[in-house]
Structures are given as C-alpha cells and as structure tokens.
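Student: Please walk me through this one, starting with the terms you need.

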Amino acid sequence: MTTVLGIDAAWTATQPSGVALVSSMGGVWRLIFAGASYSHLLIYADEGVISTSRPSGSVAEPAARLAASGKIAGAPVDLVAVDMPLSREPIAARRVSDNLVSAAYGARHCSTYTPSAIRPGRISDDLRRGFEHCVYGLLTRKISGPGLLEVYPHPALVELMRADKRLPYKQAKTRNYWPTEAPINRRRRLLDAWRMIVTSLDLEIKGVSAALQLPPLEASSWQLKACEDILNAVICAWVGICVYEGCALPFGGDTSAIWIPHPELLESRPNRS
C-alpha cells in the first residue's frame with residue numbers, strides 16, 4: 001500500500017487547513033478521507049465520523065497528523081504534499097522556485113504568491129521542522145523514502161484539466177471572475193467549476209465524487225470555503241500521486257522546489273479508465 005497525505009495549509013494559525021488522504025493498492029488510488037481542518041482528521045481517526053462542524057484553525061502538529069493518517073490508512077504515510085511555501089532556509093522574499101514557476105506559468109495566470117518572513121513565516125518553518133523530526137525531509141530533487149513536498153494547486157489544475165489558463169474556482173474571487181453577473185449566478189458558475197474539477201479528479205482517484213458533495217446554492221460563506229479547502233487538499237494529494245508515479249517535476253533547487261505535474265509525463269501513463 002502507498003499513502004499520500006495532501007494538505008491545503010493555511011498561512012496563519014487562525015484559519016483552517018484542508019486535509020485529504022489517498023491510498024493505492026494494485027495501482028488503484030482511492031480517497032479514504034477528506035476534511036476541512038486538522039481537527040476533522042483527528043475526529044475521523046478516533047471516531048470514524050466525518051465532521052460537518054465549522055472548521056477552526058490550528059497549527060499543524062505533524063506527528064499527530066501522521067499518526068491519525070496512519071491509523072485511518074492502516075499503513076504509514078509515504079508522501080506529504082503541502083500547498084505552502086517550504087524551504088530549508090528561512091523565507092524572507094521570493095525564492096528561485098517561485099520565480100521558476102511564475103516564468104513557466106505566468107502567461108497562464110498561475111504565478112506564485114510572494115511569501116515573506118511574516119506570511120507564512122514561522123508557520124512554514126515549524127511545519128517543515130515538525131515533519132523533519134518525523135523523518136519526512138523536504139524533497140526538492142528526487143523521491144527517496146518518506147518525504148515532504150511543496151505543491152501548488154493552480155498550475156496543477158491547469159495540467160489536470162488541460163486548461164489554457166488558471167481556473168476560476170476560488171470562492172472569495174467570484175466578483176473578480178464574473179463582475180457583471182448577479183451574485184446568485186456567480187455562485188452557480190463557481191459550483192459548476194468545482195463540479196468539473198471533481199469529475200476530473202474522480203478519474204484519477206476513486207471516491208472523490210462520492211466524498212466531495214458540493215454545497216447547495218444557499219450555503220453559507222464558511223461552508224463554501226470549507227468545500228474549497230477540501231478540494232484543494234485533494235488536488236495536493238493528486239500532485240503527490242503524480243510525484244510518486246514519476247509524472248511531476250520540481251521547479252527549484254536544493255533549498256526549495258515546487259512540484260508540478262508534467263503534461264507529457266501525464267500523457268504517457270497507462271489509461272486509468
């Protein structure tokens with residue numbers, strides 16, 4: 001069995017982080033958990049219940065998350081794929097990895113955000129050190145044993161969906177995406193975008209459509225954000241799968257690297273249908 005933990009990591013301790021756990025037996029990947037916060041992961045590991053409560057923020061505590069994930073999967077986690085700037089050195093400004101991704105994907109509206117010593121700052125450093133203490137070192141060149149990966153959902157989605165540019169799927173930016181639409185129509189278009197992403201992910205990971213039930217049109221803002229965080233976590237897990245299968249490349253160097261699925265390598269895989 002191979003297990004990948006995907007984390008849509010918040011850049012502050014006050015915001016929740018989406019979590020997704022996938023495993024493979026016989027070459028078939030399945031989603032075995034998806035939740036909107038670290039606490040939801042712990043609840044499922046302890047009680048076997050998918051929490052629908054409003055998620056809250058907390059620090060990562062890698063040892064606890066790995067233990068809970070191993071309990072759910074019945075096997076240790078092999079790779080942890082995190083959407084957050086990570087580096088072996090303190091992050092003070094844009095890194096080589098940020099610039100390389102922006103050069104490759106900027107024309108497709110997938111440039112990276114600029115990290116700083118404040119955001120994510122200590123959150124990133126503590127997360128990396130915590131995983132290193134659990135023998136999950138940051139992987140920037142090649143895969144060797146259990147490890148930690150930095151991933152970035154925007155270019156990953158472009159490759160998954162074979163899209164020309166960044167997909168309009170962020171709940172907080174619907175007014176920017178569709179400025180002339182009425183609010184209810186913006187929400188419809190957002191849910192349509194999510195539905196397409198879920199359908200594509202379900203072809204890669206069994207059980208995604210069943211687990212990611214989209215919220216209704218009248219859902220509250222926090223419910224929409226929770227769904228988005230879970231979706232991002234599944235995307236992170238999918239990139240981890242691509243790295244494990246040799247279908248993703250690192251953009252960066254020894255200090256930091258952002259792993260992104262490569263279109264030609266994706267096309268060369270055996271048909272999953």
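Tutor: Helices (H or I, at least four residues) and strands (E, at least two) are DSSP runs, numbered from the N terminus. This is a predicted model, in which local features need pLDDT of at least 70 and side-chain atom pairs count only at pLDDT 80 or more, while totals for chains, interfaces and linings use all residues. Residues are numbered from 1 along each chain as its sequence is written, and side-chain values use heavy atoms, with hydrogens and water left out.

Student: OK, where is Pro120 placed?

Tutor: Pro120 sits in the loop that runs between α3 (96-105) and α4 (122-133). The peptide bond leading from Arg119 into Pro120 is cis, and its omega is near 5°.

Student: And what is the phi of Val135?

Tutor: Val135 has a positive phi of about 70°, although it is not a glycine. Most residues other than glycine have a negative phi, and most peptide bonds are trans. Val135 belongs to the loop between α4 and β5, and because its relative accessible area is 60%, Val135 counts as exposed (exposed means over 50% relative accessible area, buried under 20%, and partly exposed in between, with a 1.4 Å probe and protein chains only).

Student: What about Arg162, buried or exposed?

Tutor: Arg162 is exposed, since its relative accessible area is 62%. Arg162, too, is a residue other than glycine with a positive phi, near 55°, and it comes just after α5, in the loop between α5 (153-161) and α6 (174-177).

Student: Then let's stay with α5: how many of its residues are buried?

Tutor: In α5, 8 of the 9 residues are buried, so that the helix is mostly covered. The buried ones are Pro153, His154, Pro155, Ala156, Leu157, Val158, Glu159 and Leu160. They pack against α3, β6, α7, α9, β8 (257-261) and α10 (263-267).

Student: How does α5 cross α7?

Tutor: The axes of α5 and α7 come within 10 Å and cross at roughly 75°, where axes are lines fitted to C-alpha atoms, for helices over the stretch in contact, and angles run from 0 to 180 degrees between N-to-C directions. That makes the two helices α5 and α7 roughly perpendicular (the word covers 65 to 115 degrees, with under 35 counting as roughly parallel, over 145 as roughly antiparallel and the rest as oblique). Leu157, Leu160 and Met161 of α5 make the contact with Met196, Ile197, Ser200, Leu201 and Glu204 of α7, contact being heavy atoms within 4.5 Å.

Student: And which residues of α5 and α9 meet?

Tutor: On the α5 side they are Pro153, Ala156, Leu157 and Leu160, and on the α9 side Asn232, Ile235, Cys236, Trp238 and Val239. The axes of α5 and α9 come within 10 Å and cross at roughly 70°, and the two helices are therefore roughly perpendicular to each other.

Student: At what angle do α7 and α9 pack?

Tutor: Helix α7 (residues 183-204) packs on helix α9 (residues 221-244) at an angle of about 30°, with the axes 11 Å apart. That makes α7 roughly parallel to α9. From α7, the contact uses Arg187, Leu191, Trp194, Ile197, Val198, Leu201 and Glu204, and from α9 it uses Leu224, Cys227, Glu228, Leu231, Val234, Ile235 and Trp238.

Student: Switching to strands, why is β1 largely enclosed by the rest of the structure?

Tutor: Strand β1 (residues 2-8) is largely enclosed because 7 of its 7 residues are buried. Thr2, Val4, Gly6 and Asp8 point one way, while Thr3, Leu5 and Ile7 point the other way.

Student: Which residue in β2 is the bridge partner of Leu5?

Tutor: The partner is Leu21. β1 pairs with strand β2 (residues 18-25) in the antiparallel sense over 7 bridges, and with strand β4 (residues 79-82) in the parallel sense over 4 bridges, pairing being called when DSSP finds at least two bridges between two strands. In β4, Ala81 stands opposite Gly6.

Student: Last one: which residues does Thr140 touch?

Tutor: Not counting residues up to four places away in sequence, Thr140 touches Arg88, Pro250, Gly253, Asp254, Thr255, Ser256, Ala257 and Trp259. Thr140 lies in the loop between β5 (137-138) and β6 (147-151), and it counts as buried because its relative accessibility is 4%. Its side chain reaches the backbone oxygen of Gly253 at 3.1 Å.

Conventions: A polar contact is a pair of N or O atoms within 3.5 Å; within protein, one must be able to donate a hydrogen and the other to accept it, and residues adjacent in sequence count only if both atoms are side-chain atoms.
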